[in-house]
Amino acid sequence: MANNSPALTGNSQPQHQAAAAAAQQQQQCGGGGGATKPAVSGKQGNVLPLWGNEKTMNLNPMILTNILSSPYFKVQLYELKTYHEVVDEIYFKVTHVEPWEKGSRKTAGQTGMCGGVRGVGTGGIVSTAFCLLYKLFTLKLTRKQVMGLITHTDSPYIRALGFMYIRYTQPPTDLWDWFESFLDDEEFFTV
């Protein structure tokens, strides 16, 4: 059995320097328990770190509760195991990107924040789009997969869910870098 300790291999200096450089980079990127700042250019690899709550995807609690209790999410989406299967499901099933299915929320007589102004005052049937958005989150997408969503040419809803994924999972300081080149996009879709 070989002993590869730094003292015996004579490589203690380079290993120490590499460890110090890694620690310095982690500190500069907000290491020590927080999320690191991802490079949008993809030069730091394909791993896309998450920002915020790694269990809730930073979703409103009512929306998340309705997603997790939705038969569509629990039964049909449970069967989908790959990124490509989920993208196909978005293509065939998503017709809007609001959090609730049309007509499923009772907002008559309510005013202010409970009157549907913000979209989460009262629950309803959670939309297919938001169920699929959370399903994408459970797959822990890579940078390449997210780029594939936002540059997809088959459906504006695939692209919309890609941008929503970025909005909910990436640091606010990085959003401009993700969105800037798409601001002049003229493709129409139903919100």
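Modeller: I'd start with H8, which is mostly covered, with 12 of its 14 residues buried. Keep in mind that this is a predicted model.

Colleague: How far does H8 reach from its first C-alpha to its last?

Modeller: The span is 20 Å for 14 residues, close to the 20 Å expected at 1.5 Å a residue.

Colleague: Let's pick a residue on one of those partners. Where does Leu133 lie?

Modeller: Leu133 sits in helix H6.

Colleague: Is Leu133 buried or exposed?

Modeller: Buried: its relative accessible area is 0%, and the cut-off for buried is under 20%, so Leu133 falls in that class.

Colleague: What does Leu133 touch, leaving out residues up to four places away in sequence?

Modeller: Leu133 has contacts with Met57, Leu161, Met164, Tyr165 and Tyr168.

Colleague: How many residues apart along the chain are Leu133 and Tyr165?

Modeller: They are 32 residues apart, and 6.6 Å separates their C-alpha atoms.

Colleague: Switching topic, what's the volume of the largest pocket?

Modeller: About 420 Å³. Its lining has 15 residues, and Arg159, Ala160, Phe163, Met164 and Phe189 lie nearest the centre.

Colleague: Which helix gives the largest share of that lining?

Modeller: H8 again, residues 156-169, with 7 residues.

Colleague: What does the lining look like by class?

Modeller: There are 11 nonpolar residues and 4 charged ones, with no polar residues.

Colleague: Let's zoom out. How many helices and strands does the chain have?

Modeller: 9 helices and 0 strands.

Colleague: And how much of the chain is buried?

Modeller: Buried residues account for 34% of the 191 residues. The chain exposes about 11,800 Å², and carbon and sulfur atoms supply 55% of that.

Colleague: Last one: of the contacts between residues at least 6 apart, what share joins residues at least 24 apart?

Modeller: That share is 70%. Leu133 and Tyr165 give one such case, as they touch and are 32 residues apart along the chain.

Definitions and conventions: Residues are numbered from 1 along each chain as its sequence is written. This is a predicted model: local features need pLDDT of at least 70, side-chain atom pairs count only at pLDDT 80 or more; totals for chains, interfaces and linings use all residues. Side-chain values use heavy atoms; hydrogens and water are left out. Helices (H or I, at least four residues) and strands (E, at least two) are DSSP runs, numbered from the N terminus. Buried means under 20% relative accessible area, exposed over 50%, partly exposed in between (1.4 Å probe, protein chains only). Contact means heavy atoms within 4.5 Å. Accessible areas come from the Shrake-Rupley method with a 1.4 Å probe; for residues, only the protein chains shown count as cover. On a 1 Å grid over the protein atoms alone, a cavity is a set of points where a 1.4 Å probe fits but cannot get out, and a pocket is an open set with protein on both sides within 12 Å along at least five of seven lines; lining residues have an atom within 4 Å of a point. Grid points are joined across faces, edges and corners, and a volume is the space filled by probe spheres set on the points. Ala, Val, Leu, Ile, Met, Phe, Trp, Tyr, Cys and Pro count as nonpolar, Asp, Glu, Lys and Arg as charged, and the others, Gly among them, as polar. The expected span of a helix is 1.5 Å times one less than its number of residues.
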